[in-house]
Amino acid sequence: MSMKRNIARWTIATLFALVGTYVFLWAVQSASFSVTLDPVVAAYYQTRAIVLYPLSVVYFALAVVFFILLGER
């Protein structure tokens, strides 16, 4: 495997994993904010958490997919 491909493999996988972690932590923060708020604002934060959890899983899956696809063949 070429060095450029190996660097691209690790860089892309790391970036997707970092974005997935960021989105996951944002979802956890949104879910924790919704606990003590009035119902309308709590629904907003809960909805954001419901959308962001699967999005974080997608970013982690993309990291794994790019890591495997750019691996040795």
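This report looks at helix H1 and two of its residues, valine 28 and serine 30, in a predicted model.

## Ground rules

Residues are counted from 1 along each chain as its sequence is written. Because the model is predicted, local features need pLDDT of at least 70 and side-chain atom pairs count only at pLDDT 80 or more, while totals for chains, interfaces and linings use all residues; side-chain values use heavy atoms, leaving out hydrogens and water.

## Helix H1

H1 covers residues 3-33, so 31 residues in total. Helices here are DSSP runs (H or I, at least four residues), numbered from the N terminus. From first C-alpha to last, H1 reaches 45 Å, close to the expected 45 Å (1.5 Å times one less than its number of residues).

Which residues of H1 are buried? They are Arg9, Ala13, Gly20, Val23, Ala27 and Ser30. Buried means under 20% relative accessible area, exposed means over 50%, and partly exposed is in between (1.4 Å probe, protein chains only). Helix H2 (39-69) is part of what covers them.

## Valine 28

Valine 28 sits in H1 and is partly exposed, at 35% relative accessible area. Now pair valine 28 with alanine 8: they're 20 residues apart in sequence and 30 Å apart in space, C-alpha to C-alpha.

## Serine 30

Serine 30 is also in H1. Why does serine 30 count as buried? Because its relative accessibility is 0%.

Leaving aside residues up to four places away in sequence, serine 30 touches Tyr45, Arg48 and Ala49 (contact means heavy atoms within 4.5 Å).
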